[in-house]
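Let's take a walk through this protein together. Have the sequence and the 3D view ready, and follow along as we go.

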Amino acid sequence: MKLFKSSLLMVALTSAASVYADSVAITNATVHTMTEQGVLKNATVVFDDGVISAINPDTVEADTSIDAQGKILTPGFIGAMNQLGLVEVSAVSSTRDSGEKKADITFDASVAFNPKSTVIPYTRKGGITANITVPRGGDGMFKGQAFLADLSGDFDSIRETNVAVIVDLGAKRKGSRAMEIQKLRYKLQDAQEKLDTAKDSNKDEKQPKRDEQVIRTLLAGEKPLIAYVDRATDILALLAIKQDFALDLVIAGAGDAVSVANEIADAGVPVIMGAINNLPSFDALHRSLTSASKLFDAGVNVAYSVSGDTHNLYMLRFDAGISVANGVKKEDALKAVTVNIADAFNIDAGRVAVGKKADLVLWSGDPFELSTHVEKMWVDGVEKTTKSRQDALRERYTAETNMPRAYVK
């Protein structure tokens, strides 16, 4: 039996190796590189072992060649600010692993990530090849740390953990918002003073606690602080904190950001927002469908997330298309779902360039058009299907049979 298992293992390893060994050339494509190269017509992209190895080489050598026939090739889109892989059914508590009452700044939910979630192949239908999953955290203002995963569905699909610290500020059901912003400032200030004291003394410093270590990564600019906030005065308070402590700050939600767009642009702070969020609230009186356009015009780097349920993440491209209908340039909308979201989290993704991971999508037409679909998709250089559990159920219940439905496989 051991020999049999070993043989199976060798076959599996050989098979996996052969997948990565195949090189692929996509020819005659309209490539949106999201780099200084811009849009390339009739272009050739070659990738090998999961990495883009050449763009428009003099000679094309690849195991597989695909004629794109002028169709659009883009980097895989990147989802963010959701609980993909941590929530299977929102209404069933036993399938939710995104939050914990006592969770704090050290909370890392990546160990509960399920790459076999049925939501993942469904999300691939939207051209999304990677995702920033964020925890919901607990009762405190810090919700934990985000992680990056690709949508391959493989067990090793988590690419990077602890990529950002998530903090939720602004309106509270109980108490004053002022207390949370004050606590954030004090926490950073205390950590900075402790670092300065240790630097000035010759004594060996005690090993900092886990939460202190995370705060120090923020002070060192090693990872971004992603702050959920809507009201303009709260955004201004955060910009002041960023200036005082040289934080790598990103504003999420940003309902009333248009009121302080110039200040956000001057501070160089990216904004992650829902492109179709247009319902005003007491914290976001100026929110509208043109908010994204106004922020882009002011010079803000805007990235899109899908508002609401994680299960609607596949609709990211439609939200981007709606923003184009409301004044956003098409190339800016494409940046908002690729390179801008990658840069906000300091992750290596969202571009078609030599040396980058081959996370690529070949579209049947304009990615933002409703009738367009994904023709081919590669995650880490391996072609992935968009067939989902919903497709399987449709086939099962529309199959011709004389048997009762319960007997149809």
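Four strands each give at least two residues to the lining of the largest pocket: strand 6 (77-82), strand 10 (225-229), strand 11 (249-253) and strand 12 (271-273). Keep in mind that you're looking at a predicted model.

So who sits in the middle of this pocket? Of the 28 residues that line the largest pocket, D168, Y228, D230, A252 and G253 lie nearest its centre. The volume of the pocket comes to about 680 Å³.

M34 isn't a glycine, yet it has a positive phi, about 60 degrees. You'll find M34 in the loop between strand 1 (23-32) and strand 2 (39-48). Is M34 buried or exposed? Its relative accessible area is 8%, and anything under 20% counts as buried, so M34 is buried.

There's another residue of this kind to visit. N346 also has a positive phi, about 55 degrees, and N346 isn't a glycine either. To spot N346, go to the loop between helix 10 (339-344) and strand 14 (360-363). How does N346 count in terms of accessibility? Its relative accessibility is 47%, and the partly exposed class lies between the buried limit of 20% and the exposed limit of 50%, so N346 counts as partly exposed.

Notes: Residues are numbered from 1 along each chain as its sequence is written. This is a predicted model: local features need pLDDT of at least 70, side-chain atom pairs count only at pLDDT 80 or more; totals for chains, interfaces and linings use all residues. Side-chain values use heavy atoms; hydrogens and water are left out. On a 1 Å grid over the protein atoms alone, a cavity is a set of points where a 1.4 Å probe fits but cannot get out, and a pocket is an open set with protein on both sides within 12 Å along at least five of seven lines; lining residues have an atom within 4 Å of a point. Grid points are joined across faces, edges and corners, and a volume is the space filled by probe spheres set on the points. Buried means under 20% relative accessible area, exposed over 50%, partly exposed in between (1.4 Å probe, protein chains only).
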